[in-house]
Amino acid sequence: MSKGVLYDANKCIGCRACQVACKQWNQLPAEATTNTGTLENPPKLSASTFTKIHFTEAEDNGKFQFVFTKLQCMHCEHPACATACPVAALQKTKEGPVIYDDNRCFGCRYCQVACPFGIPNFEWDKPMPWIRKCTFCADRLGGGLEPACVKTCPTGALEFGERDDLIVIAKERIAASPDKYVDHIYGEKEVGGLSWLYLSPVPFEELGFPTLGTEPVTVNAERAMGAVPPVLVAVAAIMTGVYLVIQRRQKMSQTKENDKNKVEVTK
Amino acid sequence: MLAHILPGYLNIPVESDADIEAYLKRTGKHPDATIIPQGLAGDSSSNWWGNARKYIVSLLKAWYGNAATGDNDFCFNYLPKVDPKINYTHIGMIEAMNHGKIKGLWVWGQNPAVGGPNSNGARAALGKLDWLMVADIWMNETAEFWKRPGVNPSEIKTEVFILPVACSYEKEGSISNSGRWAQWRYKAVEPPGEAMPDLEIMNLVMLKLKELYAADSRPQAKPIIDLNWNYGEHITADAVAREVNGYDLTTGKLVASFAALKDDGTTTSGNWLYCNQYSEEEGNKCARRGTVDSHPRQIGLYSNWSWCWPLNRRIIYNRASVDLDGMPWDNDHPVILYNTAVKKWEGDVPDGGWPPINQAEKGAKYLPFIMKPEGLSRLWGYDLVEGPVPEVYEPWESPLDRNLMSGTKNNPCAFIGAFMNEQGEPDQYPCVGTTYRCTEHWQTGIMTRNLPWLVELVPDMYVEMSEELAAERGIERGDKVIVSTARGDIKAVAVVTRRFQPLIVDGKTIHQIGVLWHWGYSGMAKGDSGNILTPHVGDANTTIPEYKTFLCNVRRA
């Protein structure tokens with residue numbers, strides 16, 4: 001039996017305690033963020049942000065509402081990343097988590113290309129970069145604990161359990177309140193099924209979920225491996241350089257902005 | 001805050017209270033105040049405040065020990081007495097500082113430079129003090145007011161003392177919640193550096209004060225010399241918890257309940273409402289961690305988790321939840337219910353153990369609101385200064401020129417500050433501002449703006465507005481904007497959202513601006529304080545600040 005998590009957007013209040021609990025358990029550093037006019041931050045998942053709540057202001061039959069979504073690795077039943085990985089650094093465990101082994105990975109980043117959700121992140125700013133993503137708290141699961149985000153959720157929007165049981169619960173919730181939910185458990189069938197399952201009051205495409213078929217995404221790893229590795233190496237080098245320059249510029253403009261604020265703060 | 005009371009809701013004495021008797025008569029906390037209502041099923045009022053003499057005497061015995069005797073009215077005249085014409089609340093205190101009436105200020109775990117209304121006025125007021133002591137777990141805006149942006153530190157004469165204190169996980173003690181539970185917390189880690197629990201700081205200061213005044217023969221030194229302060233060099237929260245509960249001085253044992261307190265000086269209690277929280281048999285009940293709901297109908301009281309004042313009664317005035325026969329109005333969630341067979345109340349601790357009105361003897365049919373002299377709840381609020389019936393008033397700054405509900409526009413009894421408290425007019429400030437919090441930051445932000453994980457979530461000061469207002473002012477989502485009032489301007493990021501909608505009032509379109517207030521010039525994440533905008537206006541009865549509505553305008557920065 002495989003574990004899963006059911007996320008119910010009707011129960012989530014967007015408090016983002018899950019984001020903090022994830023960073024705490026995984027000892028991830030805070031990102032330097034700015035408010036860009038939304039209540040959402042950091043702007044996207046990264047090597048130091050494995051999960052985040054996405055905020056949507058949605059309209060449903062003339063009823064306007066705030067709808068939240070939790071983003072993290074979906075831990076697919078048939079993960080494209082694991083299929084794409086030439087060295088089996090990414091593997092689907094029978095317990096549910098798609099786990100990653102630093103010692104095997106050699107940095108090809110095919111997993112990034114293969115993932116239909118754009119989840120695996122590369123540590124561009126490290127000299128020895130690895131792929132980073134939600135671990136499904138495999139280390140906690142092994143000790144009989146639920147994932148850190150589920151543990152901290154104050155409203156029960158996150159529910160951890162056997163994936164099969166969660167699908168039953170999700171169906172019951174939809175049946176009990178058909179006016180509150182769209183009749184769709186995202187993750188039940190998408191790309192062959194996901195360990196993370198979603199309930200929503202509005203269609204999932206409005207929340208930014210990709211519309212996917214029920215067939216697992218497969219990538220022929222060997223064919224991909226044969227394709228011009230020197231180009232890949234060069235691209236990687238260039239992209240790392242570009243990334244570092246952008247980072248430096250952002251930091252400098254941040255400092256300038258802060259200095260400006262200091263002067264204007266008491267006007 | 002709570003400047004009107006001593007511990008246990010005993011009123012603060014005023015200058016004209018010559019003795020305890022006069023004090024109790026004036027405050028209505030006297031057996032003579034009992035009113036027996038006519039024409040009701042209930043024919044008796046317990047007027048529990050008629051017991052107040054026992055509570056004030058026990059409090060004075062706790063504070064002044066052997067010095068407090070029947071002959072000297074238990075040192076009642078050691079208590080500070082207030083002038084009823086002066087407002088002693090937060091707003092009143094800032095005004096008094098501005099008028100030079102207050103020379104020194106102790107600030108414990110508060111941040112008035114950000115948290116109170118009209119921050120510019122509050123910061124200027126701090127500069128009029130001779131000295132300021134700030135005790136906090138982080139450096140805050142109040143402690144750093146003298147070097148805030150835009151001022152010259154050499155022009156500020158206030159001497160500032162900063163005492164680093166332990167946070168709640170670095171000390172033992174109780175925490176009270178708004179459900180009246182007192183929950184005991186243990187120390188998890190040692191405080192960093194020189195930080196100390198505030199209790200220990202207070203102990204050291206008091207010991208020093210006693211030393212300084214020991215040889216002073218002036219009458220004003222007596223309350224310090226006679227103060228019963230016997231904790232030794234290292235005070236413990238446990239010792240204070242016992243003292244707050246109180247002792248029977250004839251036996252030396254902890255008093256079991258406030259029913260055992262006496263007015264003859266043979267009992268002590270630091271707060272009569274906390275009697276019963278510590279007992280000889282059960283120890284410190286605040287530390288209880290019972291996870292079984294012992295209520296017969298399991299309504300979720302969990303009465304064996306921590307302790308709740310008074311007497312572990314989880315829901316006060318609970319005799320109002322039953323009918324005249326003691327049967328619950330809400331049968332699905334009975335708080336208490338009367339078991340006629342055994343003539344006993346079941347469930348929560350009843351508010352007075354008397355039988356239900358229909359089953360009680362004539363003359364002992366007690367009404368449920370035991371703290372009121374008439375035993376009843378009040379729709380007619382005759383002790384409210386602008387009562388007795390509720391009225392709707394426009395705020396001090398309003399976009400309307402009249403009150404649409406009645407003939408009087410503003411509350412005639414509201415407290416209006418006099419210092420740096422300019423009033424805006426709607427032609428210059430047509431929008432209505434309101435302040436509120438976000439989930440990720442706490443109060444003035446001192447405990448959260450220094451935590452990188454929370455700063456990452458909400459890094460910058462922001463304001464929220466409708467798409468319509470943003471379009472009118474040419475503001476795009478994420479633009480830097482300036483929100484201005486007659487009292488000051490702030491810079492913030494604009495969050496433009498359909499969650500804000502223009503209001504149509506009296507045929508006029510009125511735009512609202514939502515202002516967060518957690519930011520300041522100290523700590524890791526800095527930003528302008530929302531309270532720069534709010535006025536120094538207080539509610540007529542409590543002087544709670546009018547944070548929620550003021551006139552403002554917004555433009556692109």
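Biologist: How many salt bridges are counted between chain B and chain A?

Modeller: First, this is a predicted model, where local features need pLDDT of at least 70 and side-chain atom pairs count only at pLDDT 80 or more, while totals for chains, interfaces and linings use all residues. Residues are numbered from 1 along each chain as its sequence is written, chains are lettered from A and ligands numbered from 1 in the order in which they are written, and side-chain values use heavy atoms, leaving out hydrogens and water. A salt bridge is a side-chain nitrogen of Lys or Arg within 4 Å of a carboxyl oxygen of Asp or Glu. Between chain B and chain A, the count is four.

Biologist: What area is buried between chain B and chain A?

Modeller: Contact means heavy atoms within 4.5 Å, and the contact here takes 29 residues from chain B and 32 residues from chain A. Buried area is the accessible area (1.4 Å probe) that two parts lose on being put together, summed over both. Carbon and sulfur atoms give 54% of it, and the total is about 2,500 Å².

Biologist: How many residues are in the largest nonpolar core?

Modeller: A nonpolar core is a set of buried Ala, Val, Leu, Ile, Met, Phe, Trp, Tyr and Cys residues joined through side-chain atoms within 4.5 Å; buried means under 20% relative accessible area, exposed over 50%, partly exposed in between (1.4 Å probe, protein chains only). Among the members touching the most others are A:Phe117 and B:Ile513, and the core's residues number 71.

Biologist: Is A:Ala88 buried or partly exposed?

Modeller: Phi of A:Ala88 is near 55°, a positive value in a residue other than glycine. Most residues other than glycine have a negative phi. Because its relative accessibility is 28%, A:Ala88 counts as partly exposed.

Biologist: Which residue does a cis peptide bond join to A:Asn41?

Modeller: Omega of that bond is about -15°.
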